[in-house]
Amino acid sequence: MEQKLERATHVVYEKDDNGQVVIADEVVAVIAGIAATETEGVDSMNGGWSGEIISRMGIKDLGKGVSISIEEGHVSVDLSLNVKYGYSIPEVSKNVQDKVAQAIESMTGLNVLDVNIKISGVVTTED
């Protein structure tokens with residue numbers, strides 16, 4: 001018997017003539033992860049022990065280190081980041097918050113309530 005996993009999805013656009021647009025939570029997490037890693041000063045996302053196992057297997061998990069909660073069209077994002085040594089953590093964090101919120105809002109139409117940052121590590125060039 002084949003089991004089908006339920007994916008959390010959210011209707012972001014509904015119109016009688018054209019149908020509806022539904023976005024999976026994983027899509028929002030990937031958008032947040034990509035936007036965060038494209039920010040200057042961010043070395044990588046930190047997905048914990050499960051993320052480390054996935055990355056060692058050669059699988060690229062673009063939502064690694066991202067947790068999202070979507071309720072009634074409003075998104076809360078939690079990110080776990082590794083910052084490059086020498087960068088200002090408050091400045092990098094603010095830039096990540098701005099970039100992630102802008103990316104999610106422009107690509108999905110969802111309203112971002114907050115982007116919470118957890119700095120998990122500082123990475124030097126020797127790491």
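These are my notebook entries on a predicted model of one protein chain.

**Ground rules**

I number residues from 1 along each chain as its sequence is written, and I use heavy atoms for side-chain values, with hydrogens and water left out. Since the model is predicted, I ask for pLDDT of at least 70 for local features and 80 or more for side-chain atom pairs, while totals for chains, interfaces and linings use all residues.

**Entry 1: the fold**

I started with secondary structure. I took helices (H or I, at least four residues) and strands (E, at least two) as DSSP runs, numbered from the N terminus. I found three helices and six strands. Along the sequence they run β-β-α-β-α-β-β-α-β.

Next I looked at contacts, meaning heavy atoms within 4.5 Å. I took those between residues at least 6 apart in sequence, and 63% of them join residues at least 24 apart.

Then I turned to surface. I used Shrake-Rupley areas with a 1.4 Å probe; for residues, only the protein chains shown count as cover. The chain's accessible surface is about 8,500 Å², and carbon and sulfur atoms hold 49% of it. I called residues buried under 20% relative accessible area, exposed over 50%, and partly exposed in between (1.4 Å probe, protein chains only). Of the 127 residues, 32% are buried.

Beyond its neighbours within four places in sequence, valine 28 contacts Ile23, Ile68, Ile70, Val75, Ile104, Thr108 and Leu110.

I also checked helix α1. It has 13 residues and spans 19 Å from first C-alpha to last, close to the 18 Å expected. The expected span is 1.5 Å times one less than the number of residues. Its buried residues are Asp25, Val28, Ala29, Ile31, Ala32, Gly33, Ala35 and Ala36.

Asparagine 111 is in strand β6. It is partly exposed, at 33% relative accessibility. Its side chain makes a 3.0 Å polar contact with that of histidine 74. Beyond four places in sequence, asparagine 111 contacts Gly73, His74, Val75 and Glu105. Glycine 73 is 38 residues away in sequence, yet 6.3 Å away C-alpha to C-alpha.

**Entry 2: glutamine 97**

I placed glutamine 97 in helix α3. It is partly exposed, at 28% relative accessibility. Past its neighbours within four places in sequence, glutamine 97 contacts Val115 and Ile117. Alanine 36 sits 61 residues from it in sequence and 8.0 Å from it, C-alpha to C-alpha.

**Entry 3: salt bridges**

How many salt bridges are there? I counted two, using a side-chain nitrogen of Lys or Arg within 4 Å of a carboxyl oxygen of Asp or Glu.

One joins glutamate 38 and lysine 99 (4.0 Å, N to O). This pair links distant parts of the chain: glutamate 38 is in the loop between α1 and β3, lysine 99 in helix α3, 61 residues apart. Glutamate 38 is exposed at 53% relative accessibility. Lysine 99 is partly exposed at 31%.

The other joins lysine 94 and aspartate 98 (2.9 Å, N to O). They are four residues apart in helix α3, so about one helical turn separates them. Lysine 94 is partly exposed at 45%, and aspartate 98 is partly exposed at 38%.

Note on methods. A polar contact is a pair of N or O atoms within 3.5 Å; within protein, one must be able to donate a hydrogen and the other to accept it, and residues adjacent in sequence count only if both atoms are side-chain atoms.
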